[in-house]
Amino acid sequence: MLKFLKGVVAGSGAGLKDLPYNIGEPYSSAWGSWVHYRGTSKDDGAPVSIFSLSGSSANDGHLVAGRNGVKRLRTVRHPNILSFLHSTEAETLDGSTTKVTIYIVTEPVMPLSEKIKELGLEGSQRDEYYAWGLHRISKAVSFLNNDCKLVHGNVCMASVVVTQTLDWKLHAFDVLSEYDGNNEAATGPMLQYEWLIGTQYKSMELSKSDWSAIRKSPPWALDSWGLGCLIYELFSGMKLGRTEELRNTANIPKSLLQDYQRLLSSMPSRRLNPSKLLENSEYFQNKLVETIQFMEVLNLKDSVEKDTFFRKLPNLADQLPRQIVQKKLLPLLASALEYGSATAPALTALLKMGSCLSPEEYGVKILPTILKLFGSNDRAIRVGLLQHIDQYGESLSAQMVDEQVYPHVANGFSDTSAFLRELTLKSMLVLAPKLSQRTISGSLLKFLSKLQVDEEPAIRTNTTILLGNIASHLNDGTRKRVLINAFTVRALRDTFSPARGAGIMALTATSSYYDATEIATRILPNIVVLTIDPDSDVRSKAFQAVEQFLQLVKQFHEKTSGDDTGAAGAHSSMPGNASLLGWAMSSLTLKGKSSEPSTLASTGSGAPLSSSISNASSVTDEANVAQVRVNSRTDLADLSDNPPPASPTSTDGWGDLDNGIRGEQDNDKDGWDDIEPLEEPRPSAALASIQAAQKRPVSAPKTQASNSRPKSTLKASKDDDDDLWGDAASNTKSSKAVDEDDPWGAIAAPVPKSSSKSLNLKSSASVGDDLWASIAAPPPTAGGSRPLSGARGRGAKPAAPRLGAQRINRTSSGTS
């Protein structure tokens, strides 16, 4: 018999020892004779609730009713009814007597009376929460009475529990029975276990056991009375002691008073149907109820309604109880975003609601949703993630960023939308410090090498700024290979003046990573050219940079003069470096963008960047920068006859990770020699003077020598020597030493050869002790001479001194 009863209870184990849950501490209250325990799963430690009911024998009346409750709870499913997980029945020996206990395992819940004390809500927030809870319990009771033709029989505060998301749920089904209204002649009890109901909760007909009247009444008559008892206990704050206390309506809200009286009507046939109670628009119409109801039927709403709702939600959440926002609205919102029923503005609401969570709660409730959203195909969602990355980026671990976030974000580098490419670039300021060196060198730097020749000038500028900011996160080998080449060959020769200014500032900010040789041979020559740049802001930055780097070289000179080691040791960066990092940071996290996510195809996101770049400098030419339009193709054409290279094409959405990257590896130069000097170098007057001073003057006329010979000399120089900028085609084609995986390696500057040529001059010269006497400039004439660099463009190579030295080599060898 006991085995049969166990089968009815549907226990999966043979006893308590086989219960796959741990029983914890009990709550202070529960319905009837049940004891409500906290519990956890033995498998994963998930919280549960465990209800136990004990009896002296298997045929104990409480146990028989308890088995009815277990069976009903298993078969009746509704969102507002407690969810059943597991049950079992166990026998234990208590001395010489046998004790039988039924265990029910459900979702984790808490008694309503204790949860109300824990929340401590007051005023309008308390009334809104009560309205929402009563709305849920009324739905559950209406479902039982109208849809299932069942009678709960004992609706009260003790039969209501609260979930972790603060939902109210109905349980205590021991008395639950079918409505037997068709058998009016029957005289037996319709509720077999009505003796479990407290006398204070019994209606008049139930207290008299008038089963004939009960069967003639509507199915909801008994439970409508119970709803009235629940409302009284809820607003009075105390358990109902006697039935007469229900007449005290002082604490009942006026908007609910009429319905409360109809629920407790002395005539069962006139009692209010719980489904009609839900139609009380005055009482149930408040912000909390309407917000949660909208969220629960989100799939039925159109996109316009969703956008309107989610744009208002952040402000609305400030007016709702914080506990309800965190425990109810946040899970609803996160679920809607994960499954695609919410629109992009919902992300803003989610991040604002989650801002008040503790770091532990944030990692559990917010980060999993964000990680899933990075794989979304909704472009508006991806834009929202990138725009708000500063709000959650610090909470992401390095492993999350490297393995789960970056692979999705990186596709935006090749996106067809310039707006999305720029947002992707900005996000790297937060994400790059958490990337592994393998990801930075193998993927990120390749994308940045493409973006430095992007068709959008603001993107090229921001790429330089980003490189300057993440320089500290690169290893020494990568910094040596990348920084100088990216800043000098690319940035300083850009047709967009703010990009050139950014290149100068990036060099000064990273000055601590360069030794004296690199500064003297590769950095200073390139910056000095920009001291005559057409843009005054660039010129100002160039003069400041020249002073800083000269100071560093001077420090190296003083160190080597006092110390014979002769090594170009490390040197400290100048105090001005911190100003660039702050300026670059503000530029990359600029909020005032005129572009909306809805106009993703637009490329109007660059203008604020150019403005911020100019404003960051110590000497600013505001009028000059104000006239620059980042997105205007005609303005770019005015800056230079050489248009910037076209941006790589990509697929829609995030783009293909390898699109435009692998194909470039077939080209030895890897796209880094596309930017040509703005102007062809012109021969200077000083060059003609040097040639005239040589021992072997050419036979051509003087005018011919000053006009044509420098051009031929320039051509010969390009054929014989490596370019100072490091982008000579001959050097790249003749040597395959450049690693194809190194985006900056193709433009790496060769080892300076000026020192070796000077040694050759010294060994082979036969003109006397003074090596430079043969190329000395003639004495100044009355008319004066033209400046040395007067005709040189900002992007031109400092070729004149080298040309002169090469000419001396040929002359001296000829005479000897």
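This is a predicted model: local features need pLDDT of at least 70, side-chain atom pairs count only at pLDDT 80 or more; totals for chains, interfaces and linings use all residues.
**Entry 1: cavities**

The structure has ten cavities of 30 Å³ or more. I then took the largest cavity, which holds about 120 Å³ of space. Its lining consists of 13 residues. I noted the ones nearest the centre of the largest cavity: Leu 73, Ile 104, His 171, Ala 172 and Phe 173. Two elements, helix 2 (61-75) and strand 5 (97-106), each give two or more residues to this lining. Helix 2 contributes the most, with three residues. I also sorted the lining of the largest cavity by class and got nine nonpolar, three polar and one charged residues.

**Entry 2: helix 25 and helix 26**

Next I looked up the pair formed by helix 25 (residues 516-529) and helix 26 (residues 536-562). Their axes come within 10 Å and cross at roughly 160°. Angles over 145 degrees count as roughly antiparallel, so I list helix 25 and helix 26 as roughly antiparallel to each other. I recorded the crossing of these two helices as left-handed.

For the contact itself, I wrote down both sides. Helix 25 brings Ala 516, Ile 519, Ile 523, Leu 524, Ile 527 and Val 528. Helix 26 meets them with Ala 542, Ala 545, Val 546, Phe 549, Leu 550, Leu 552, Val 553 and Phe 556. The contact of helix 25 with helix 26 divides into 14 nonpolar, no polar and no charged residues.

**Entry 3: helix 12 and helix 14**

I turned to helix 12 (residues 303-317) and helix 14 (residues 345-354), whose axes come within 8 Å and cross at roughly 15°. That angle makes helix 12 roughly parallel to helix 14. The crossing of helix 12 past helix 14 is left-handed.

On the helix 12 side I found Asp 307, Phe 310, Arg 311, Leu 313, Pro 314, Asn 315 and Ala 317. On the helix 14 side they meet Pro 345, Ala 346, Ala 349, Lys 352 and Met 353. I counted the classes in the contact of helix 12 with helix 14 as eight nonpolar, one polar and three charged.

**Entry 4: helix 13 and helix 14**

I stayed with helix 14 and looked up helix 13 (residues 322-338) against it. The two axes come within 10 Å and cross at roughly 150°. Helix 13 and helix 14 are therefore roughly antiparallel to each other. Helix 13 passes helix 14 in a left-handed crossing.

From helix 13 the contact takes Val 325, Leu 329, Leu 330, Leu 333, Ala 334 and Leu 337. From helix 14 it takes Ala 346, Leu 347, Ala 349, Leu 350, Met 353 and Gly 354. By class, the residues of the contact of helix 13 with helix 14 are eleven nonpolar, one polar and no charged.

Terms used
Residues are numbered from 1 along each chain as its sequence is written. Side-chain values use heavy atoms; hydrogens and water are left out. On a 1 Å grid over the protein atoms alone, a cavity is a set of points where a 1.4 Å probe fits but cannot get out, and a pocket is an open set with protein on both sides within 12 Å along at least five of seven lines; lining residues have an atom within 4 Å of a point. Grid points are joined across faces, edges and corners, and a volume is the space filled by probe spheres set on the points. Helices (H or I, at least four residues) and strands (E, at least two) are DSSP runs, numbered from the N terminus. Ala, Val, Leu, Ile, Met, Phe, Trp, Tyr, Cys and Pro count as nonpolar, Asp, Glu, Lys and Arg as charged, and the others, Gly among them, as polar. Axes are lines fitted to C-alpha atoms, for helices over the stretch in contact, and angles run from 0 to 180 degrees between N-to-C directions. Angles under 35 degrees count as roughly parallel, over 145 as roughly antiparallel, 65 to 115 as roughly perpendicular and the rest as oblique. A crossing is left-handed if the near helix is turned anticlockwise from the far one by less than a right angle, and right-handed if clockwise. Contact means heavy atoms within 4.5 Å.
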